Every structure is written in structure tokens, then in C-alpha cells.
Amino acid sequence: MKIHFVILLLFFFIQIISAQNKNICFTIDDLPVVSYGMNDTAFQRKLMDGIINSLKKHNIPAIGFVNERKLYSNDSVNKFQVSLLEKWLDNNLELGNHTFSHPDYNKVSFADFAQDVLKGELISKQILAERYKSLKYFRHPFLHIGNTKEKYDSLTNFLKSINYKIAPVTIDNEDYVFAVAYKRAKEKNDFTLAAKIGGDYITYMEKKLHFFENQSQKLFGKNINQILLMHASWLNSNYIDSLAIMLKKNGYNFISMDETLKDELYQTEITKFGNWGISWLDIWALSQGKKGDFFKDDPPTPDYIKKLAQ
Ligand SMILES: [Zn+2]
């Protein structure tokens with residue numbers, strides 16, 4: 001009896017220790033905002049404030065990736081859009097480059113893509129420099145890193161040569177599909193439906209979290225420092241608070257991109273290339289020859305959400 005008790009105690013102790021070691025980095029794409037055509041500045045400011053306030057409330061050192069095309073109206077700089085990013089920086093959040101116009105690297109040449117990367121850093125670099133900070137990270141649009149080894153190598157070497165580090169994603173998901181459904185429900189003043197979508201979004205993200213934790217365990221025998229991808233949408237403006245609570249309940253600490261990439265698993269080599277835009281865990285698994293069954297049980301987006309978003 002006694003020995004069982006000791007084993008049980010040890011088991012709980014190990015669970016507590018490993019729970020404390022779970023880390024996650026929040027990355028938010030398509031800044032300043034994903035407004036779905038709602039151009040009212042008061043609305044956009046409120047959307048951005050919602051994101052910033054929830055991140056601050058939970059001490060989340062998030063990084064936002066900017067498409068600088070959104071900072072212009074008819075070729076001149078839109079000061080309001082820039083002010084949204086300035087507020088982001090003044091709350092000690094980080095910014096990265098997500099290209100100027102969000103091109104699909106599977107469809108454009110390396111030369112054209114590289115030009116778009118350079119065009120996408122001008123204003124961000126300036127507002128960062130004014131705060132004695134610099135631009136360090138790059139996030140690929142659609143997570144398209146290059147569909148051949150040649151294209152991947154060209155871009156990876158180019159980014160390195162201009163001092164960018166690549167920001168991977170481990171918890172890939174369809175938050176943008178939920179976001180469209182949510183926006184439509186809110187527009188129709190269907191608050192019951194909007195609340196249901198929000199609740200189902202958190203449930204879905206928790207399932208994705210567990211799925212990718214399991215993928216990491218299967219691939220590496222440990223839980224990698226996770227990187228969550230989401231977009232600067234109305235949905236996330238209202239639900240980052242709930243997401244953070246769900247993640248804390250699952251034992252996660254919130255860490256910066258710098259801290260995240262100290263995990264040596266991020267040195268894992270990529271040797272398989274395709275048209276996919278997927279989690280780095282899946283890219284590494286493919287690179288290590290994993291097939292079919294390894295990728296099964298990836299939680300799907302509910303059908304009613306897909307229908308609403310059509
Ligand atoms: Zn994007």
C-alpha cells in the first residue's frame with residue numbers, strides 16, 4: 001500500500017513539474033487589423049485596444065506581423081493605421097515583417113517576393129527605431145516557405161542575409177474561418193450565435209492545442225515551446241482573454257519569440273517541400289518520412305462555422 005502511495009505522489013509531482021514547463025508564444029498576423037471591410041476608425045481602434053488589453057491583462061509578450069500595404073491610402077501614409085502599430089509598440093509588444101502585400105510564394109518568383117519583403121519593412125523599421133528597437137522576425141504569408149528546395153533555400157538565405165529570423169508556427173489553425181462567421185453573426189446582431197461561435201472557437205483551439213502537443217510528443221518525445229498563430233480579427237479582440245485562460249488551465253506560461261526559439265528542437269532540419277502551408281511540426285514529421293496515420297485526428301473546423309463563413 002505504502003509504495004503505491006509514494007508512486008502516486010511521484011506521479012502527481014512529475015505532472016506538476018511538467019505542467020510548469022509548458023511554454024507558448026502568441027503570434028498575431030496581418031496587423032494592424034483584419035477588419036473585413038469595416039473601415040470605421042473608431043471600430044478599428046476598439047478592435048486593436050481589445051487585443052492589446054487582453055495581452056496586457058495576461059502579461060503575454062506577443063509579436064504581431066505587419067502587412068505594410070495596410071498602412072497606405074492611395075499611395076500616401078495613413079497615419080491612423082500607423083498609430084495603431086505605435087500603440088502596440090508603446091505597450092511593449094513586438095512587431096515583425098509579414099511582407100508588404102501578402103504575396104503567395106508558391107505563385108510568385110523569388111525575386112518578386114524578396115522585393116515585397118523589403119518594401120514591407122520601411123515604416124515598421126522607422127517606428128521601431130524611434131523606440132530604440134529593431135525588426136528581427138519574418139512570418140511567411142500562408143506559411144508558404146518555398147515549395148521546392150531551391151525556392152526554400154533562396155528565401156531562407158536571403159532572409160538571413162538581411163538579418164531576419166524566421167518565425168515558425170506549431171499550432172496552425174483556422175481562426176480566420178471562425179472570425180468571418182463571428183463577424184457575420186455580429187453584423188446581424190445575432191448575439192446568441194456570436195457567443196456560440198466564440199465558445200466553440202475556444203473549444204476548437206483547445207483541441208488543436210492537445211493535437212499539436214501530441215504531435216510534438218510523438219515526434220520528439222517532449223512538448224516543444226509552442227507557437228500559436230492567430231489573426232488581428234474582431235473575434236480575437238473579444239476572445240484572447242478566454243484563450244489565455246484556457247491555456248493557463250492547460251499549464252502554459254506565455255513567452256516571447258526570443259525565448260521560444262531557444263528550444264533546440266527549432267534547429268530540426270526541413271528536407272521535404274510542397275505546396276502546403278502547415279505547422280512546422282507537420283513539416284518536420286514529413287521531413288522525417290512520417291506518413292498518413294501520423295497526421296490523423298487533426299481537429300476539423302465545425303461544418304456550421306464553414307457554412308457561415310462561405
Ligand atoms: Zn497573413
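Begin by selecting helices α3 and α5: α3 passes α5 in a right-handed crossing, where right-handed denotes that the near helix is turned clockwise from the far one by less than a right angle, and left-handed that it is turned anticlockwise. The structure is a predicted model, in which local features need pLDDT of at least 70 and side-chain atom pairs count only at pLDDT 80 or more, whereas totals for chains, interfaces and linings use all residues. Residues are numbered from 1 along each chain as its sequence is written. Helices (H or I, at least four residues) and strands (E, at least two) are DSSP runs, numbered from the N terminus.

**Helices α3 and α5**

The selection for α3 is residues 79–90 and that for α5 is residues 122–129; they pack at an angle of about 45 degrees with their axes 11 Å apart. Axes are lines fitted to C-alpha atoms, for helices over the stretch in contact, and angles run from 0 to 180 degrees between N-to-C directions. That angle makes α3 oblique to α5, since angles under 35 degrees count as roughly parallel, over 145 as roughly antiparallel, 65 to 115 as roughly perpendicular and the rest as oblique.

Display the side chains of V82, L85, E86 and L89 in α3 and of I123, I127 and L128 in α5, which make the contact; residues are in contact if their C-beta atoms, placed from the backbone, lie within 7 Å. By class, the contact has six nonpolar, no polar and one charged residues. Here Ala, Val, Leu, Ile, Met, Phe, Trp, Tyr, Cys and Pro count as nonpolar, Asp, Glu, Lys and Arg as charged, and the others, Gly among them, as polar.

Next, centre the view on I127, in helix α5. I127 is buried, with 20 other C-beta atoms within 10 Å; a residue is buried if 20 or more other C-beta atoms lie within 10 Å of its own, exposed if 12 or fewer, and partly exposed in between. Not counting residues up to four places away in sequence, I127 touches V82, L85, E86 and L89. The C-alpha atoms of I127 and L89 are separated by 8.5 Å, although the two residues are 38 apart along the chain.

**Helices α4 and α6**

Select α4 (residues 110–119) together with α6, the latter spanning 149–161. Their axes come within 11 Å and cross at roughly 25 degrees. The two helices are therefore roughly parallel to each other, and their crossing is right-handed. In this contact F110, F113 and A114 of α4 meet K151, S154, L155 and F158 of α6. These residues divide into five nonpolar, one polar and one charged.

Move to α7 (residues 175–187) and α9 (residues 234–249), whose axes come within 8 Å and cross at roughly 100 degrees. That makes α7 roughly perpendicular to α9. On the α7 side D175, F178, A179, Y182, K183 and K186 meet W234, L235 and N236 of α9. The contact divides into five nonpolar, one polar and three charged residues.

Keep Y182 selected: beyond four places away in sequence, Y182 touches A194, I197, G198, W234 and L235. The largest nonpolar core has 65 residues, and those with the most contacts inside it are I51, F178, A179, Y182, I197 and L228. Such a core is a set of buried Ala, Val, Leu, Ile, Met, Phe, Trp, Tyr and Cys residues joined through C-beta atoms within 7 Å.

**Helix α11**

Select residues 280–287: six of the eight residues of α11 are buried, so the helix is largely enclosed by the rest of the structure. The buried residues are W280, L281, D282, I283, W284 and A285, and what covers them includes α8 (191–220). After α11 comes G289, with a positive phi near 80 degrees.

**Loops and backbone geometry**

Most residues other than glycine have a negative phi, and most peptide bonds are trans. Select D75, in the loop between β3 and β4: D75 is not a glycine, yet its phi is positive, about 70 degrees. D75 counts as exposed, with 5 C-beta neighbours inside 10 Å. N74 is in the loop between β3 (72–73) and β4 (76–77), and its C-alpha lies 37 Å from that of W280.

N163, in the loop between α6 and β7 (165–166), has a positive phi near 65 degrees. Finally, inspect the peptide bond from L31 to P32, which is cis with omega near 5 degrees; P32 is in the loop between β1 (22–31) and α2 (41–57).

Conventions: Two residues are in contact if their C-beta atoms, placed from the backbone, lie within 7 Å.
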